[in-house]
Amino acid sequence: MPLPNNFSPAEHLQDTIRRTYNPEVREWFSDITTDDPDISTPRASLRTACTHAELDTMDMTLSRMLLFDMLIKQRWNQGIVSSDRDLNYRVLRRTRPQVTLYFLEDLEDVEPGYDPVSGEISFRLMTQTSTTFSNSEALALANKIKTEFGTGQGFVWRKGKELCSYTDWDKGYQLQLLTRNETEARTLIGKVLDLQSHTPDWEFFNRIENGSPSEAFPTIPPRETILGKSRRLPRRRPIAEVRFQYATVKLAGLAKPVYLFDRSGRYDSALVTSYRT
């Protein structure tokens with residue numbers, strides 16, 4: 001097939017990099033589940049710096065890739081000199097099943113001119129592997145998710161501008177949640193941990209509050225002239241109510257995730273649904 005008349009080698013290269021390179025960055029920083037990480041934390045700052053953006057120049061793209069390459073080499077060198085236990089633990093954690101809960105803003109609530117706000121919460125099953133996690137255990141987990149998040153109209157996560165985290169590596173948690181306040185964050189964390197019958201240990205909880213959230217994360221973002229046109233910049237930490245949609249588990253050795261529970265009607269292959277008896 002011949003190249004189209006308007007083919008641009010530079011744009012084609014940039015698009016290919018976005019589709020192949022950014023997934024590698026997201027996987028490397030898989031402990032950061034939000035699409036709008038708080039750059040005041042070191043790893044979130046590194047992920048933002050490494051992630052290729054649509055409007056990047058070629059120089060910016062190469063700089064991001066060089067930084068990411070340096071981080072990988074640095075971690076590899078650290079792995080060589082670190083203890084076998086530390087290295088084995090890092091490998092072990094990445095092979096544990098990863099459960100992800102997906103949320104989406106109701107279409108009738110979406111502000112004109114913007115896409116629906118989404119949200120994801122992920123954790124790992126540290127007592128399981130892809131070979132030990134059975135069908136019956138997957139079904140039991142799916143039903144727990146239905147009970148905690150899928151009953152009625154679906155659990156609503158009220159996203160806000162306050163970043164709260166809960167980090168307990170040994171039990172598979174590194175949660176970063178944007179919420180309206182600390183009380184709602186603790187409630188949401190408790191529901192997530194209850195899926196594995198875990199009790200929160202609040203010494204692992206942290207809250208990061210920006211000194212001027214209205215200026216750092218304006219409700220209506222400013223405009224900038226890009227490619228000769230005035231364009232609205234993306235929103236950062238928009239205030240929205242996102243409703244639970246479905247949940248998956250990613251198992252090492254499987255190319256696609258397993259759909260545990262679905263209330264959206266999109267995944268009929270899910271083990272449990274809210275619309276099928």
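Strand S4 (residues 162-168) is mostly covered, with six of its seven residues buried. Buried stands for under 20% relative accessible area, exposed for over 50% and partly exposed for what lies in between (1.4 Å probe, protein chains only). Helices (H or I, at least four residues) and strands (E, at least two) are DSSP runs, numbered from the N terminus.

This is a predicted model, in which local features need pLDDT of at least 70 and side-chain atom pairs count only at pLDDT 80 or more, while totals for chains, interfaces and linings use all residues. Residues are numbered from 1 along each chain as its sequence is written, and side-chain values use heavy atoms, with hydrogens and water left out.

**Strand pairing around S4**

Two strands pair if DSSP finds at least two bridges between them. S4 pairs with strand S5 (residues 173-179) in the antiparallel sense over seven bridges, and Ser-165 stands opposite Gln-176 in S5. The two strands form a hairpin with four residues between them, and Gly-172 in the turn has a positive phi of about 90°. S4 is also joined to strand S6 (residues 205-208) by four bridges, and these two run antiparallel. Here Cys-164 stands opposite Arg-207 in S6.

**Helix H6**

Helix H6 (residues 182-194) has 13 residues, which at 1.5 Å a residue should span 18 Å; its end C-alpha atoms are 18 Å apart, in agreement. The expected span is 1.5 Å times one less than the number of residues. Asn-181 caps the N-terminal end of H6, with a side-chain oxygen 3.2 Å from the backbone nitrogen of Thr-183. The buried residues of the helix are Ala-185, Leu-188, Ile-189, Lys-191, Val-192 and Leu-193. An α-helix has 3.6 residues a turn, so residues three or four places apart point the same way.

**Aromatic pairs and charges over rings**

A search of the whole structure finds 16 aromatic pairs. Rings of Phe, Tyr and Trp (its six-membered ring) pair if their centres lie within 6.5 Å; planes under 30 degrees apart count as stacked, over 60 as edge-to-face and the rest as tilted. Two of the pairs are tabulated.

| Pair | Centre to centre | Angle between planes | Class |
|---|---|---|---|
| Tyr-21 and Phe-68 | 5.7 Å | 85° | edge-to-face |
| Phe-103 and Phe-149 | 6.2 Å | 80° | edge-to-face |

Tyr-21 lies in helix H1 (residues 9-28) and Phe-68 in helix H3 (residues 58-81), so their pair ties together parts that are 47 residues apart in sequence. Both Tyr-21 and Phe-68 are buried. Phe-103 lies in strand S1 and Phe-149 in helix H5 (residues 135-150), so this pair links parts 46 residues apart in sequence. Phe-103 is buried at a relative accessible area of 3%, and Phe-149 is buried at 0%. Phe-103 and Phe-149 belong to one aromatic cluster with Phe-155, Trp-157, Phe-244 and Phe-261.

A charge sits over a ring if NZ of Lys or CZ of Arg is within 6 Å of the ring centre and within 35 degrees of the ring normal. Lys-159 lies over the face of Trp-157, at 5.1 Å from the ring centre. The charged end of Lys-191 sits over the ring of Phe-149, 5.3 Å from its centre.

**Thr-100 in strand S1**

Thr-100 is found in strand S1 (residues 98-105) and is buried, with a relative accessible area of 7%. Its side chain makes a polar contact of 2.9 Å with that of Ser-122.

How values were computed. Polar contact = N/O pair within 3.5 Å; in protein donor to acceptor, adjacent residues only side chain to side chain.
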